[in-house]
Amino acid sequence: MTYLQGVVLGVVQGLTEFLPVSSSGHLILVPHVLGWPDQGLAFDAVMHLGTLAALLAYFRVEIGAMITGALSPRLVAIIIVATIPGALAGLVFGKWIEAHVRSPLAIALFTGFWAPVMWIADRQAPAATPIANDPLEKVGWSRGLAVGVAQALALLPGTSRSGITITTGLFAGLDRPTAARYAFLLGIPITAGAGSYKMLHLLRGGLPAGEGGPLAVGVLAAALSGWFAVWFLVNYLKRHSLTPFVVYRILLAVAIVALLAR
């Protein structure tokens, strides 16, 4: 991997990990278009460090409020319990999905399939209304757990973790910015866990020779672009809908299928 590949793929990973457009779809499409080889396990493992750093940096105030008790301890409990379905699904089905489902065609199909589902959820989303406390306080157990269960579906390539969790939050009655903030907060434990698991496998096999520098640059690019993506989406959804992302997902699915047909 070159430094240019590290930067480009890091930016792609950071943006598409948090925008509801499927990071796996882009990480297939971009190298294919540019004629680059597959990124491999090393890239997949260390990019989790970048995306985790982005989440921790953006939500530093909320995390601090959780630690001090300024934000409801109930929300902390909801996030912990809601993380369990996704973690269990990863342990039970993760390797099988990697081996049997993670193909370009499957990514294209799931990317396209969830687009109209997201559009339906977005059409019935309630408007954001000012409340005295942090809007996250209205997540509640039923809504929080529903999003947690949906997070398990993100194992299916092309689904998009942010896409499926925000969509479920909207179906559960959360407004768009609150659904996005909760989805991203919920992503912190599972991102940390998945990153630690993949880093363990990487350390066992060793870092590929000569790739330390490009991977480090990629992590930094993923962290910066990831922070921007979270900031952009949360603020964008305060006034706008998910329709552009729905259209984009359909176009991405078509582009992947077109490449496969060549």
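Predicted model: local features only at pLDDT ≥ 70, side-chain atom pairs only at ≥ 80, totals over all residues.
## Nonpolar cores

The largest nonpolar core has 42 residues, and L75, I166, Y182, F184 and V230 touch the most other members. Each of the helices α3 (40-58), α4 (60-68), α5 (73-100), α6 (104-123), α8 (161-171), α9 (176-205), α10 (212-236) and α11 (243-261) supplies at least two residues of this core. The largest share of the core is the eight residues from α9.

Apart from this core lies another, of 14 residues, including V12, W36, A42 and M199.

L75 is a member of the largest core. Leaving aside neighbours within four places in sequence, the contacts of L75 are M66, L136, V139 and Y182.

## Packing of α5 and α9

The axes of α5 and α9 are 9 Å apart, and the two helices pack at an angle of about 45°. The two helices are therefore oblique to each other, and α5 passes α9 in a right-handed crossing.

On the α5 side, the residues in contact are L75, I78, I79, A82, T83, G86, A87 and K95; they meet Y182, L185, L186, P189, I190 and Y197 of α9. Sorted by class, this contact comprises eleven nonpolar residues, two polar and one charged.

## H100

H100 is placed in helix α5. Because its relative accessible area is 56%, over the 50% cut-off, H100 counts as exposed. A154 is 54 residues from H100 along the chain, and the C-alpha atoms of the two are separated by 15 Å.

Notes: Residues numbered from 1 in each chain as written. Heavy atoms only, no water. Core = buried A, V, L, I, M, F, W, Y, C linked by side-chain atoms within 4.5 Å. Buried < 20%, exposed > 50% of the residue type's maximum accessible area, 1.4 Å probe, protein only. Helix = DSSP H or I, 4+ residues; strand = E, 2+ residues; numbered from the N terminus. Contact = heavy atoms within 4.5 Å. Axes fitted to C-alpha atoms, helices over the stretch in contact; angles between N-to-C directions. Parallel < 35°, antiparallel > 145°, perpendicular 65-115°, else oblique. Left-handed = near helix turned anticlockwise from the far one by under 90°. Nonpolar A, V, L, I, M, F, W, Y, C, P; charged D, E, K, R; others polar.
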